[in-house]
Amino acid sequence: MLRISRIAKNSTYSSRYYTATGGVLGVGSVILLTSAYNDNENTNTNTNKVTYAEEKAPLINFENAKRTESIPSRQTQIDTLSSGKVFDVLVIGGGATGAGTALDAQTRGLSTALIERGDFGNETSSRSTKLIWAGIRYIATACSALLRFRNVLRPMDAIDDFLSEFRMVSNCHKERRLLLDNNPHLTNWIPIAVPMDSWISWPPPFGHPVFACAPIVMPLVFKFYDGMSGFTCPASHIMGKSRAERKFPQLAAENAKYYSVFYEGQHNDARTATYIALTAAEYGACVSNYTEMVEILYDKNGKANGIKCKDNLSGKVFDVHCKSLVFAGGPFTDHMRKIENPNCKPAVAAAAGTHIVLPGYYCAKGIGMLDINTSDGRFLFFLPWQGKTIVGTTDRKGPAVSTHTPPEEEIEWLLKECQKYLKKNLGKDSGLEVKRTDVLSAWQGFRPLASDPNAPPGAPVSRDHVISENPDTGITFITGGKWTTYREMAEDVMDRVVKSAGFDKAGHSVTEHIPLRGGVGYSRNVPIKLVQDYGVSMEIAEHLARTYGVHAFDVLKEGNDDAPRGGKVLVEGYPFIEREVIYACKHEMAVSITDMLTTRMRLAFLDSSAAQEALPRVADIMAKTLGWSKSQKKEELAKAETILGGFGGPVPSKVKAIDSTHSIEDLFNSFDVNKNGYIDYDELRLCMKYYGSPFKNDKEAMDAFKFIDKNGDGKIDKDEFMNWWKTKNLRRIQTRTPSDTFKLSADKLGDGADSRGAAFG
């Protein structure tokens, strides 16, 4: 029988936390900061404040937690793992929670090891909405649940459920503040506007009639939300129609009554997760990616005392010994538990969410938007992120998988919801239409919803976290929770492990005082110093500072190229530079091309086509830095192409699956990505690229488009496409497999009367 602990900590912050908000900064300082936020929506103003870690640093005793910026190489970590050393704690799973657990354990003075079967944070932790949010939605859903008629028969249970949810959100507020205050190099505040287009909302949000009055009370709700954080966040406020039209010129603001603006945290989730793991390594934890548990080892009493694991790069299998074993696999936790017991009851109900990325002009600079009442009742965010617009998320139940590929119907649903808020075509050039070809990237991720394995069928799952220990094997697992509360989850599971294992030498958790890697000594002047010292552009300097913190200087010391402005960019239009690849290979355990383009540099998440374009150059740099052979480089390229091909892009994946059995009409429909009855210039250019025959340049593409567009209206209709096709004829179609895309090759274009147009070769 498993012992289950549902974690719900006291909603009152510790006295030391209140000292942080009132003792050093003082009430006047808090009021001054709040006023500054009202006057200036610079979302990175948290860099001006005294951080909680800096304020309380003298209280920390690091006798058993000495920190060094130098991290042993991955091979050194593997050698340590396989040396026969007995670790106090071995954590399986290198996402935010697992890495946080390793950091918490190591800084308590316990010898700790952490392994991850892929790259750090490459699953759930890198595929979020990029928000560090305290959970305004959960307050609303808790109220909605409390007011249900069925609770008349169970009033005490209903109140207990409500208070449990309320306590969870209170803890989220504390953790949000800690993460933002301690890590200004990785995080920022972001204002989010909620449009109110009527005074009564019907159908009501959250499916309860009482929320029909949401537009009237929303400003008060957000003030209450501010208060839950001790008013340490930027102050919520109301934005009028005229200001909203200036901020959001692309939105249909004319029908809005007003916009209610509140603030949440934002971060580069994969970088934060990676730096949690690397911070654990800085404190001496043995940390290794691409290392997978394949078997559990037991002593004569049936207690787990280690694992047999595999180095997924070399294929080497070896034993790792430990006193306590912790599973932290997020939505994949049950996969780990089945190695322990193939017949175990599920403890995780996974929920999938799809995000899409659109060009930056679809969102106002520095401010996002939230739709609290979509067509199916979900929350939907429109957020500026790294120069683009991220939209999400959907919510679909199903087993967790590692692939990024999102369902096309969910991409289309997100685009449809986006269109509701854009200005309609009321006259020439007055409207803005979001198109399928505007999707730069799309991906899916899975959230872990924790459940009691012994609960009756149909029992509710939880967004709070669950900790469970098997008394027979001594194995502990943690699952559920939210990105924001990863540190609290790590502290809670280690409190449990310390008590269960009797680790008398272990101290209390100190992670709320620890900035992550790159944060010690960071200030908002780092980008300026990078420009002054290395001559990089401000765009590149800001990118490096917000990605590496103070280690941005180390990045620019790598390589010996003499390119102007401090380094060569990998892809035009993006601030990622070649020196980042070298640095990540040498100092961050990056070992695959996929690592570089997904979790270390977020290019695949921002623009899947640009990531494909960067593949060859990244492969060249990594091959040279890591000493790959030609065959190994070819193998790594093939793996990367497969994984990057799973990301969504401007052309739906189902379009790419056309083969020679399709008719000309089918081909036209496949090129008509936006499904508006014609092919525009972008669709022709993109489809030619996806079908294996990209135009050499924009001029060649435009000449081909004009040749096919006989009536010159800027659109290729079905008759024009079919006439062109019949004239040029289908000469050859190469099909590797039924699911592969066919090859197209364009005849050279001449000028004027000699122009023959593009034909399929």
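The legends below describe an overview and several close-up views of a predicted model.

View 1. Among contacts with a separation of 6 or more, 72% are made by residues 24 or more positions apart. The accessible surface comes to about 31,400 Å², of which carbon and sulfur atoms hold 53%.

**View 2. Helix 10 is mostly covered.** Helix 10 takes in residues 269–282, and its 14 residues, at 1.5 Å a residue, should span 20 Å, which agrees with the 20 Å between its end C-alpha atoms. Just after helix 10 comes Gly284, which takes a positive phi of about 110°.

**View 3. Strand 12 and strand 17 pair in the antiparallel sense.** The pairing of strand 12 (residues 348–358) with strand 17 runs over 10 bridges, and Ile356 stands opposite Ala442 in strand 17. Because 9 of the 10 residues of strand 17 (residues 441–450) are buried, this strand is largely enclosed by the rest of the structure.

**View 4. A nonpolar patch lies on the surface.** The patch is formed by Trp199, Ile200, Trp202, Ile216 and Val217, which together have about 550 Å² of accessible area. One of these residues, Trp202, sits in the loop between strand 5 (187–196) and helix 8 (214–228); with a relative accessible area of 62%, Trp202 is exposed.

**View 5. Asp319 and Lys308 meet in a salt bridge.** The distance between their side chains is 2.9 Å, taken from N to O. Asp319 belongs to strand 11 (residues 317–327) and Lys308 to strand 10 (residues 304–311), so the pair ties together parts that are 11 residues apart in sequence. Asp319 counts as partly exposed at 29% relative accessibility, and Lys308 is partly exposed with a relative accessible area of 24%.

**View 6. Glu578 and Arg617 form a salt bridge between two helices.** Their side chains meet at 2.9 Å, N to O, and the pair links distant parts of the chain, with Glu578 in helix 17 (residues 578–587) and Arg617 in helix 20 (residues 608–626), 39 residues apart. Glu578 is buried, with a relative accessible area of 10%, whereas Arg617 counts as partly exposed at 35% relative accessibility.

**View 7. Five residues are linked in a network of salt bridges.** The network contains Lys174, Glu175, Arg487, Glu491 and Glu512, and the structure holds 38 salt bridges.

Terms used. Residues numbered from 1 in each chain as written. Predicted model: local features only at pLDDT ≥ 70, side-chain atom pairs only at ≥ 80, totals over all residues. Heavy atoms only, no water. Contact = heavy atoms within 4.5 Å. Areas by Shrake-Rupley, 256 points an atom, 1.4 Å probe, with all protein chains shown as cover. Helix = DSSP H or I, 4+ residues; strand = E, 2+ residues; numbered from the N terminus. Expected span 1.5 Å × (residues − 1). Buried < 20%, exposed > 50% of the residue type's maximum accessible area, 1.4 Å probe, protein only. Pairing = 2+ DSSP bridges. Patch = residues over 30% accessible without salt bridge, like charges linked within 9 Å, V, L, I, M, F, W, Y side chains within 5 Å. Salt bridge = Lys/Arg side-chain N within 4 Å of Asp/Glu carboxyl O.
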